[in-house]
Structure formats: C-alpha cells, structure tokens
Protein chains: 2
Amino acid sequence: MMPFERSEYVGRMKKVQKSMNEKGIDVLLITDPANMCYLSGHNAWSFYVHQMLLVSLDDEMPIFIGRYMDAFSGVVKTTWLDEKHVRAYPDVLVHNPPSHPMDYVSEVVKELGLDKKTIGLEMDNYYFTAAAHEALKKGLPNAKLVDGDLIVNWVRIIKSEAEIELQFKAGKIADLAMQAAVDTLKPGARQCDVAAAIQYAQVMGTKEFGGDYGSIVPLLPSGDTAGAPHLTWTDEKYPDNTVVAVELAGIHQRYHAPKARTVAIGKPKQKVLDVAKITVEGLNAALDAAKPGNTCEDIEAAWRNVISKHGIEKESRIGYSTGLNYPPDWGEHTISLRPGDKTVLQPNMTFHCIPGMYFDDFGVSISESFVITEKGAVPFGKFERKLIIND
Amino acid sequence: MMPFERSEYVGRMKKVQKSMNEKGIDVLLITDPANMCYLSGHNAWSFYVHQMLLVSLDDEMPIFIGRYMDAFSGVVKTTWLDEKHVRAYPDVLVHNPPSHPMDYVSEVVKELGLDKKTIGLEMDNYYFTAAAHEALKKGLPNAKLVDGDLIVNWVRIIKSEAEIELQFKAGKIADLAMQAAVDTLKPGARQCDVAAAIQYAQVMGTKEFGGDYGSIVPLLPSGDTAGAPHLTWTDEKYPDNTVVAVELAGIHQRYHAPKARTVAIGKPKQKVLDVAKITVEGLNAALDAAKPGNTCEDIEAAWRNVISKHGIEKESRIGYSTGLNYPPDWGEHTISLRPGDKTVLQPNMTFHCIPGMYFDDFGVSISESFVITEKGAVPFGKFERKLIIND
C-alpha cells in the first residue's frame, strides 16, 4: 500500500539523520503525522490519539509507538517497518488523565538505552501538546530534551520525482474539483450543495486514480464575510449577485495541489473586476520570479511591485511550501513567501502561491500551486487563471 | 450566523467561570477550537494557526485573540463578541520561529492587568503545543500557570435542548450518509468511490438543512487490514467478497452523530455473522444500561457480560462523549465507556457507543450515538442495527 519504494524511505531517513547529527541530536521524537508518514509510510487517521515515531542515529528504520489497534494491524501490514519496530501502548492510556501515553514512550526510550541522550522534540507541532512535553520531562529526567521542530519538514521541502508525480495527479483532481464548484455556484444553490460537489470531485478523483481527503476542507467565503478567508460553509442559499472565493485542493495519496479561484455569481462590480485583474497580473509576475537562484522573498516582491503600482497593500504572506500533509494544514510550516524569507529556490520545491485580497465586503482569491524546475515554475493544474463569471 | 441565542453563550460562560472559581483559576486560556466555538460562536478553519480565547472571572464575554484576517472580518461579524473583545496579531508571527503568536497573547494578558493571576492552560489539547507553553512561561513570568485542561469539555457534557436538536439533525444526516455507503459498496467499486458518496451525503444533508464536515473523515477498513480501524481509503477496487466496517458521522453546525455499520460484500463467513450477532446483542444491552443513575462503566459492563458469555474479550473502551467538535476528533476527551469511569449518567449527556470488534482478517463495527433521557437512551438515527449484506 505504500506509494514509494523502500529505498525512498531509507533515503529520507538518511537525510533526517544527517540533519540531526549536524544539530547534535541523537534521537528525534516525531509527532507530526506528515513527518511520521514521510519516514514510515504510516497513513491513517490515528493521530487523534498520541503516537510517535522514534528516529535514532544508529538505526536505518524508525520505531512507531502508538495505540494497539493502530500499531499491529495497521503499521505492520501497511508500512516498511517490521514488527520489532512497532510498539503499542495499552488502551487505558487513551484520554485518561493523569496517565499519559508519553509515560509509555519514556519507557520505550529507556528500554532502548537512549534515556541519557540528546532528544529532539517537535515543539510547535499540533500533535505535541504541552502535557506531552511535561510527561516526557518527568519520564526522562536524564535526557537532554531540545527543540527538534521542523527538522523533517525542512528535509521535505525538496521533493523526489515520485512525490512530484503525486502532486501533478493532485493538480488534475484540483482542476476537476474547481470545475465542480464553478458548475454549482448558481443563484439559489446552497453553500453546502457546492461544498458537497467539491468534496465529491476531490475524493472521486479521475477514472485512473482516486482522490484523498484534504488537510483543509473547501473554504467558500462570500458576500458580507468574504473578507474572512477561513470560514467554511452554511446551508444558506446564494443570492443572485455575489462573489465567492473558493479555496480547495486536489489530493492524491496525501499529496496536495491547492488552488483558489473566485467566482462571481451575476455581474460583478467594477472594483471586483479590477482587483481580479490586478491579482492575476501580480500572480503571473510572482510565477515568473519563481525560478532557481531567486529567493522566496523575490517571489513576494514581484507580486508587491505589481499591486503597489495600483495603490494596493497586502500585509499577509502570499504563500508557503506544500506537499504531503494531514489536517489541520496543507502548508509545511517551513518556507513562507514573504519579505525576509531568503530561502534560495531550488528545483523540486513546491509551493502554493495564494495572494488573497480580502476586503470588508468582498474577497478575491486566485492562486496557483507549482513546482520549481530549471526552466521556472510549472503549475500542477491547468485551470484558467482569471475571475470566473457565472452570469 | 450563530446557531444559539446570546443567552445560551452567557449561560455557558457562567458555568465555565464557576468551574474556574472552584479550581482557583482566575483566567482560562482556551485553545481547543470546540471550546472556543462553544463559548464564542466562532466557527472557521482558522485553528491551523495559533489562536486563543481568554476567559476571565469578571467579564461575561470572552476575548478572541487570533490572526488579523480571522479576527475582524470573521469573529466580529459572526459571533456575539464585540470589537473590544477581539485582538489580532500581525501576520508576520504566522509560522515564523523563533517569534511566536503566544508572545502577542502574553502582551494582551499584561495589558489587561492579568499577568499576576492564576492562569489555566489546556495542557493536553492538540492546539496548545509545547512551544506555545514555553512562550507563555517566558512572556508571563509573574503568572501562576496551571493545568486547566478539559474544564470547558466537562461543562460541555450536559447538552442544552438546542444542542440536542442539532444532534438529532446530525443523526438524520448520518443515516443518509450510511445509506450512501451501503448503496455503493459493491464488487468493483473503488474505495474512493464509496468515500466520495459518503462525503457528498454528509455535506448535502437534507433539503431542509445542510450538512457539515466531519471531525474525522469516513473510515472504511476492510479485508486484510480490517483490524486497523483508523485506515481511511485507497483507490483499490472491492473484491467480490469482503467485509467493510464503515464509520462516519452526520454533522450539522459542528454537532456530530457518529455511526458505524458493517457491510458484507458477497456472502459473509459464519464467523462474521456470529460476531455481528454478538455485537448487536452487546450493543443493545449497553443501550439498555444507558439510563440516568447508572454509571458509564455500567454501560461497558453490560456489553462485557454479553460478549464474555460468548468467550470474547475486548481490551479497548467502547465509547465516549460526543457533540460539538473539530478535527481531529469528534470525541470530547472527558467520559469514556470503560471500566473505572464512574461518571453518573444524567439526562442530556450524549455518547457514541462503538464496540468495534477487530480481528486479524476482518473487523465488525456496529455503533449507535444517543442522548440519555429520563426514559433511557434515545438514538439519534434510525438505521437498522445489524450486519448489512450486499449479496
């Protein structure tokens, strides 16, 4: 069931171990489900309970530590890990304070003789809570616990050819899902009808390959609250005239190709047409700047040059690195397309550039996800880059 | 856009403040998106960045602290909070270590003169990371930071009539989504086709009211990995003969009614029929025991009595409190239906009882979500409680 060869996982482990070594980290305890999947192949909705992947410098294979029902039937049968690299904690530790699954993790670390080592923790990951940290501090008093956040995420920024292929498949699905949105965004349709059509298209995928769930659900801000980009949907009906900013992703085997387009129901006001035109112009300039040797802030600067000519300012970042992910985010928390990010662009980096323009009474969002190649940015999808008018 | 009257939010705040007072907590910093929504009405996919709700003992209204693009267009326009109770941090704090949004939260706490108080933190919530904790410790050296985990969750266990009504609507949607699964689980159908049909039904809802996204995606373990209940789906086709354990929820305005049924494609083996029969018998016994005055462990004991008669043991808990939630879990992390949980059942508690039977080569999962009434358990849906055979 793994989408990659064993050799790819071994190669990923080596890169992570190299980075750990450079930072003086002997053991990395990984809680980010995307990082766990990246190194082990484990792909399940098991992250709602505490679980962990232990990477040490002297073992090419990581150790999965999780709940019994996830560990043996799931991990052993669906990943490259053998039984010796899977540990299960008893179910009584699930959601049952003051006991904590991390007490079991500490026992495993001790049993492996690693409890006096320097241990890196993913300090700012959703799935590594303050309580998990406290439990490990108590359980491993002789270890040196240090911040190991984003070590794997930074390895993930350069994708393999196999990963890029999955993202192109995701891009095809994103186009289909966006078409489903455009086809249903009509006066009288309920917001939930449109969201249902999008999710159906996302999960069906194509005849050749299926789709997966998004790390973010479809976002459909419109009308009065169009300036709030993270609202989801209600069951209210669309009026005869409104502007809907649709943000969604195509997803294939957990790899994402996000995409935003804005759909005007009815004839849009001139200011909407103007902002959409500027957005596309700015996005095109950003994509032109997205080539090896330039930096991430150069992409944002190219965008900013265009909008400032038109007297528009935008405070927020215009994009981020994307790829493999799990809820609640499809961004990788490494690179942001914003001033000050001097990361040099390299081939096989993949981004979602989403310069959302949010105003009090409408929002326009037109985006592209793409891979950096020697020849510049190549988008994952082909959906026309413009304001769509359902008149 | 709020599903409840302002008075309901005020009443919830009072209950939380009472609990804080009993625990000696002056200020509660809330990061659980369900708890934030419960007290403020804020409902958006904004939790992928750090955000917080501040509850103090002497203000009936909580304060939302979040990213600019979520705060003013979103919270002010869609919740009962006024502008004075909304604070926004600059976008440059998003995913940009070593700076952290909690530095801004500390400033707000100081500005309110609360930085020498006893401050409760949701220590084991997904959205309160170890790094967030460290940042607050640094930013609020004079505060007494204590564990305030689950304070709001425990208030949430008794639902209002308005909440129960949303869960019954969710139950209706769960039945429709399960029917969509049963209608599509046929030989040759791809797993993703079934997942797509389920998600479509979940989000469309009924003609009268729409559906929402689940805090967990549809889970469809089958065949060789049916024992791993948290696997999602692939694009493989179902064979002529297999057993699929379907777990999903109906969702309406973030309120959940989860449901599991097991579908045999082709004629099932005798052992599958036997386990399904025992599961239904045990589930019925559990539902009979789910009445005011009994405890949560009594529900589990009623189940255990039935299966042990048949020589079966099950280690894991058989259910939990459910209701309002956000990914990654629709359980409330308070009550578990397991030995040792002596919580006394009261009217308007709502549960998902899911005694999953996971074996090496097949899994059977038949569940019910229900509300406790004076007369006993009333299920949220009407789907027939049995093994479904698509022969």
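Reader: Is A:Leu150 buried or exposed?
Author: This is a predicted model. In it, A:Leu150 counts as buried, because its relative accessibility is 11% and buried means under 20%.

Reader: Where in chain A is A:Leu150?
Author: A:Leu150 sits in the loop between strand E6 (144-147) and helix H6 (151-156) of chain A.

Reader: What is phi of A:Leu150?
Author: Phi of A:Leu150 is near 70°, a positive value in a residue other than glycine. Most residues other than glycine have a negative phi.

Reader: Ok, chain B now. What about phi of B:His95?
Author: B:His95 is not a glycine either, and its phi is positive, about 45°. The residue is in the loop between E4 and H4 of chain B.

Reader: Is B:His95 buried or exposed, and why?
Author: B:His95 is buried, because its relative accessible area is 17% and the cut-off for buried is under 20%.

Reader: Changing topic. Which peptide bond is cis in that part of chain B?
Author: The bond from B:Pro97 to B:Pro98 is cis, with omega near 10°. B:Pro98 lies in the loop between strand E4 (86-89) and helix H4 (101-111) of chain B. Most peptide bonds are trans.

Reader: And which residues does a cis peptide bond join in chain A?
Author: A cis peptide bond joins A:Pro327 and A:Pro328, with omega about 10°. A:Pro328 belongs to the loop between strand E9 (319-322) and strand E10 (331-336) of chain A.

Reader: What rotation superposes chain A on chain B?
Author: A rotation of 180°, with 0.0 Å of shift along its axis, superposes them with an RMSD of 0.0 Å. The two copies are therefore related as by a two-fold rotation axis.

Reader: How much of the contact surface of chain A recurs in chain B?
Author: 100% of the contact residues of chain A recur in chain B, and the same surface serves both copies.

Reader: Helices next. At what angle do the axes of H7 and H8 of chain B cross?
Author: The axes of helix H7 (residues 161-184) and helix H8 (residues 191-204) of chain B cross at roughly 155° and come within 8 Å. So H7(B) is roughly antiparallel to H8(B), as angles over 145 degrees count as such. The crossing is right-handed.

Reader: Which residues make the contact?
Author: From H7(B) they include B:Ile173, B:Leu176 and B:Thr184. From H8(B), B:Val194, B:Ile198 and B:Gln202 are among them.

Reader: How many are nonpolar, polar or charged?
Author: In the contact of H7(B) with H8(B), 9 residues are nonpolar, 2 are polar and none are charged.

Key: Residues are numbered from 1 along each chain as its sequence is written. Chains are lettered from A and ligands numbered from 1 in the order in which they are written. This is a predicted model: local features need pLDDT of at least 70, side-chain atom pairs count only at pLDDT 80 or more; totals for chains, interfaces and linings use all residues. Side-chain values use heavy atoms; hydrogens and water are left out. Helices (H or I, at least four residues) and strands (E, at least two) are DSSP runs, numbered from the N terminus. Buried means under 20% relative accessible area, exposed over 50%, partly exposed in between (1.4 Å probe, protein chains only). Copies are superposed by least squares on the C-alpha atoms of residues with pLDDT of at least 70 in both. Contact means heavy atoms within 4.5 Å. Axes are lines fitted to C-alpha atoms, for helices over the stretch in contact, and angles run from 0 to 180 degrees between N-to-C directions. Angles under 35 degrees count as roughly parallel, over 145 as roughly antiparallel, 65 to 115 as roughly perpendicular and the rest as oblique. A crossing is left-handed if the near helix is turned anticlockwise from the far one by less than a right angle, and right-handed if clockwise. Ala, Val, Leu, Ile, Met, Phe, Trp, Tyr, Cys and Pro count as nonpolar, Asp, Glu, Lys and Arg as charged, and the others, Gly among them, as polar.
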